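Thank you for making time this morning. I would like to walk through one structure with you, a few sites at a time, and I will give the cut-offs as we go.

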Amino acid sequence: MAPRSLCAPSSLLLLACAVAPARAPEPPPPTLDTPIRAAGPRTLTAETPISSDLGATFTGPPGWTVTMRTGSVLLEDPRREVSLVFVARKEPDAAAAIAAAWQQVTPGGSSREVRLATTPPARDGWDAVASVVYETTAAEQRSVWATARRKGDTWYVTLFDGTRAGWGRRFPQAQLAERSLTVPGLVRETFIGKPAHKLDAARLAALRTFVGDAQKQLQIPGVALAVVQDGELILAEGYGVRQLGKRAPVTADTLFRVASMSKPLTSLLMARLVDDKVFEWDTPAAQLLPIFKLGDPATTAKLHMKHTVCACTGLPRQDLEAIFDGAGHTAEQMLAGMQRMTPTTGFGETYQYSNPLVAAGGYIAAHAVRPEEPLNAAFRAVMAEKIFAPLAMTRTTYDTATAKRDEHAAAHAPARDLVTTVIPLSDDAWVDVWQPTGGAWSSAREYAQYLLLELADGKTARGEQLVTPANLHARRAPQVRRSDSSSYGLGLVVEERGVPTYAHAGGLGGYSSYMFFLPEQRVGVVALTNLGDAAAWHAPLRRRVLELLFDGRPEAAEDLAFAVEERRAARAVELAQLDLRPDAAWLQKYAGTWTSSALGEITISVVGGKATLDAGEWKSAVGRKTDADGTIKLVLTTPPWSYEFLPGEAAGAATLTLDVPQQRHVFTRK
């Protein structure tokens, strides 16, 4: 949901990194304007600029250990689960530079096979960029990759290695280090101090062209777009159709599930309730709702209301319980399940996105106003009264049945070959238990009313002060880093480089959404689509708007084309490993009902030589995947899900293991 690094941590490398010996107490941390040049291992106690003999500087994340070596710099996270190595090389091309970097830091270099090699557009002053992702085995559970950026005749290579669980915890801190790397002569484009253009007819026409190109390249059935500037709605349009195979067009009034773009609305409600003295940002959440408990009592005790929406508590992303076994559950049942959740990093240490925690925060806030009502009902009523009614968002709703009776867009997702497919709306039904975090339905025209409120310092179109500027802006204060130039506030992404920008994306199986606003320029944009996995155009869309506002370099179209091609290339690699119609006898070995203590039951049936996995909430066809090392897995092949199950055995019983970053679930045959 955020601008990507040069490559995502989907597969990585084996880097021998010695554990540092015990060290004496650290001296006071250096300040941000005092770069360090340490030779031996040094553990950082704050964000610290690092200089080395590479001729480059970067920011070291707090808690990480830095080791200077001749011609390289090693960074290791606090648990030694993941590492980065910076190396400077002068080979003639990126591939040679990356190979030489491996040779320099590991005995014999890297022998891993390349899974995917790409050449992203060079940005931020670099002359050329390349990225390589490597094959890893199921047994390793590692991700290994490398990036190379050239300035002049020097390639600055970054080698990444670590466990997948470790990257799930530490990737934002790695982005802080990698993306802050700067070298002599590197000049980044900036719009600071430049006046913004009025988005006149010509500029809006250029934006429409870009949206049309993105829609075509990503096979998005329908897009709804709204743009506000200087307190006015200057564009509200729809493009394409609500459902493939039908003629009904998307309009600015078509309802879409906005997914995680529900989070800014939830933190806005909290801001208003703080204004109303219902609670404070620093009120303990459990004080308002004593049944709220996490698996770690210490975290429960220190968790204030603002922390439910800050992504800074150390709780990991934990979505599978809802996806596999959440449809039809009440908010009270969801909260009870959170007693199994425990943090995997320290409080405030690193960015970790927790959907259940935001949902809990919204429900607790509403409970403070309507304590006698069920949490779901209380939340809907309080949002309608305190936010939607004053903003004239009369059709925005958390009730899917209501949305279905209105003008709404059908859900779609890309199949394995990226061909867009209609999917049942029920595939996203599990998100109803998470209303505050992702359950809102809205239109581009109505969501624009929220953007106008943000840009008017909390005033509605009628001039009513709905939220005070102080509490509106409290949501924009950075709480935890996401990268060198991006943080997370309270339900808002804070883009800190150049022009201050606040944003949030949303993604479900059948919908993708994106919004951002620039308070200083009084501009806001919201884009809603009825295609899951369409986030590839979010960063290019924001870039295109910045180009039109500030006469920026024309990069958005190339960024979009690369994102689409990278997506296609990654899918092609996956498809080469898949058998979508495996042998029926092989499939029959896994027929039956399987159970997991956390995810409930799944049933695999084989009819007419085809296998189907039924999770109760949704169904998917089943295929066979053969990894590069020969490991065989069952894999879901019907969009929107692509989960992989590793067959095995434990205590004499057959098992199917589902591994995602920081979550491992074992199903046993019932």
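Leaving aside its neighbours within four places in sequence, threonine 397 is in contact, meaning heavy atoms within 4.5 Å, with Thr402, Ala403, Gly439, Ala440 and Trp441. Please keep in mind that this is a predicted model, in which local features need pLDDT of at least 70 and side-chain atom pairs count only at pLDDT 80 or more, while totals for chains, interfaces and linings use all residues. Residues are numbered from 1 along each chain as its sequence is written, and side-chain values use heavy atoms, with hydrogens and water left out.

Threonine 397 is found in the loop between α10 and α11, where helices (H or I, at least four residues) and strands (E, at least two) are DSSP runs numbered from the N terminus. With a relative accessible area of 13%, threonine 397 is buried; buried means under 20% relative accessible area, exposed over 50%, and partly exposed in between, with a 1.4 Å probe and protein chains only. A polar atom of the threonine 397 side chain lies 3.0 Å from the backbone nitrogen of aspartate 399.

Let me turn to the aromatic rings. How many aromatic pairs does a search of the whole structure find? The search finds 28, counting rings of Phe, Tyr and Trp (its six-membered ring) with centres within 6.5 Å, where planes under 30 degrees apart are stacked, over 60 edge-to-face and the rest tilted. The rings of phenylalanine 388 and tyrosine 398 have centres 5.8 Å apart and planes at 25 degrees, so this pair is stacked. Phenylalanine 388 belongs to helix α10 (residues 375-388), whereas tyrosine 398, ten residues apart from it, sits in the loop between α10 and α11 (400-405). Both phenylalanine 388 and tyrosine 398 are buried. Elsewhere, ring pairs link Phe324, Trp430, Trp434, Trp618, Trp641, Tyr643, Phe645 and Phe667 into a cluster.

There are also charges over rings, which requires NZ of Lys or CZ of Arg within 6 Å of the ring centre and within 35 degrees of the ring normal. Arginine 150 lies over the face of tryptophan 155, at 5.7 Å from the ring centre, and arginine 624 lies over the face of tryptophan 586, at 4.8 Å from the ring centre.

As for disulfides, which are pairs of cysteine sulfur atoms within 2.5 Å, a search of the whole structure finds one. Cysteine 310 is joined to cysteine 312, with an S to S distance of 2.0 Å, and the link is left-handed, at -85 degrees about the S-S bond. Cysteine 310 and cysteine 312 are both buried.

Next come two helices, whose expected span is 1.5 Å times one less than the number of residues. Because 13 of the 14 residues of α4 are buried, the helix is largely enclosed by the rest of the structure. Helix α16 (residues 556-576) has 21 residues and reaches 30 Å from its first C-alpha to its last, close to the 30 Å expected. Its buried residues, among them Phe562, Glu566 and Arg567, pack against β7 (114-118), α3 (201-217), β14 (412-414) and α15 (538-550).

Finally, is glycine 510 buried or exposed? Glycine 510, in the loop between β20 (501-507) and β21 (512-518), is buried, with a relative accessible area of 0%.

Technical notes: A polar contact is a pair of N or O atoms within 3.5 Å; within protein, one must be able to donate a hydrogen and the other to accept it, and residues adjacent in sequence count only if both atoms are side-chain atoms.
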